[in-house]
Amino acid sequence: MKDSKSAKDIFSSYDSESPIATEFRRIYNNLKKHCTPADNSFLITSSNRGEGKSTIASHLALTIAQFTKKKVLIIDSDLRRPMMHKIFKLDNLFGFKECLSDSQDPLQAVKKTHQKNLYVITAGARTGTPSSLFESETVANVIKKVQFYYDYVIVDSAPVLAVSDTLFLGAILRKTIFVVLAGVTPREVVLRARDVLLDSNAEILGVVLNNALEVLPYYYDYKYYEYDRFREI
Ligand SMILES: Nc1ncnc2c1ncn2[C@@H]1O[C@H](COP(=O)(O)OP(=O)(O)OP(=O)(O)O)[C@@H](O)[C@H]1O
Ligand SMILES: [Mg+2]
């Protein structure tokens, strides 16, 4: 799995009629039960690096924007390994980092994509000490503001076991989708990450098993992504 793959324009590879898009619509149908107009944001995270968080966040957002025609915003909060500007082919000069460090208006940081109704706040210029930015009240203010203007806000994040950034976000956003790279991430690592998230006051709504086909061949043969209640895995 190479970065160049996800660097490919998401719009050229996304097929709304595909079985994968169907799976994302199913994930959305589960998620919307947990949403209200005033509380419409999700954090996407995982235990470790490279489990597919950014891939899933971007495909989920695209699916919701296409399927519901509602306004969807993705925020790239992974200031260490930002991906959204690559996935959506956007510049990354001004983004989430500037909203946190320079108190810039988050609405000014929003970028349009080729999909109507789908918007992105990229991570922004790199910083040496991202953790301190997440500790401030500004994070909550940024989220609160964009929640008001967008029907859904999806926040892609760094893995919980690597850095503390995501734990601050978990405490603010609460609703968390937990990605597990099936067959790769050891069970005890997943459980440790779950405990760390719950301790930070996040609420794990469900798990997306990435790459389920590779390791669970008895699944429907089209299933790449599987969403389930956390306790059932
Ligand atoms: N189901 C999949 N099938 C094939 N390739 C995948 C799949 N999921 C993710 N990838 C690829 O794996 C790589 C890592 O995925 P991605 O960037 O989404 O992970 P991540 O969890 O966001 O990583 P990081 O922790 O660095 O932020 C990318 O190149 C992506 O295209
Ligand atoms: Mg990522």
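In the protein chain, residues 24 or more positions apart account for 77% of the contacts with a separation of 6 or more. The structure is a predicted model. The chain carries 12 helices and 8 strands. Of its 233 residues, 45% count as buried.

The largest nonpolar core holds 63 residues. Within this core, the members touching the most others are Ile44, Ala61, Val72, Leu73, Ile154 and Val155. Helix H4, spanning residues 53–68, is the greatest contributor, with 7 residues. Contacts of Ala61 were examined with neighbours within four places in sequence set aside. On that basis, Ala61 is in contact with Val72, Ile74, Leu118 and Ile154.

Strand S1 covers residues 41–46. Here 6 of the 6 residues are buried, so the strand is largely enclosed by the rest of the structure. S1 has a pairing partner in strand S5, residues 152–156. The two are parallel and share 4 bridges. In this pairing, Ile44 lies opposite Asp156 of S5. S1 is also joined by 4 bridges to strand S6, residues 175–181, again in the parallel sense. Thr45 faces Phe178 of S6 across that pairing.

Buried residues in H9 are Val139, Val142, Ile143 and Val146. Viewed down the helix axis, the buried residues of H9 fall within an arc of 95 degrees, so they line one face of the helix.

Two residues other than glycine were noted for positive phi values. Lys89 has a phi of about 55 degrees and is not a glycine. Lys89 sits in the loop between helix H5 (84–87) and helix H6 (96–101). Its C-beta has 13 neighbours inside 10 Å, so Lys89 counts as partly exposed. Asn117 is the other case, with phi near 80 degrees. Asn117 belongs to the loop between strand S3 (111–112) and strand S4 (118–121). With 20 C-beta neighbours inside 10 Å, Asn117 counts as buried, because the cut-off for that class is 20 or more.

Note on methods
Residues are numbered from 1 along each chain as its sequence is written. Chains are lettered from A and ligands numbered from 1 in the order in which they are written. This is a predicted model: local features need pLDDT of at least 70, side-chain atom pairs count only at pLDDT 80 or more; totals for chains, interfaces and linings use all residues. A nonpolar core is a set of buried Ala, Val, Leu, Ile, Met, Phe, Trp, Tyr and Cys residues joined through C-beta atoms within 7 Å. A residue is buried if 20 or more other C-beta atoms lie within 10 Å of its own, exposed if 12 or fewer, and partly exposed in between; C-beta atoms are placed from the backbone. Two residues are in contact if their C-beta atoms, placed from the backbone, lie within 7 Å. Two strands pair if DSSP finds at least two bridges between them. The arc is that of the directions from the helix axis to the C-beta atoms.
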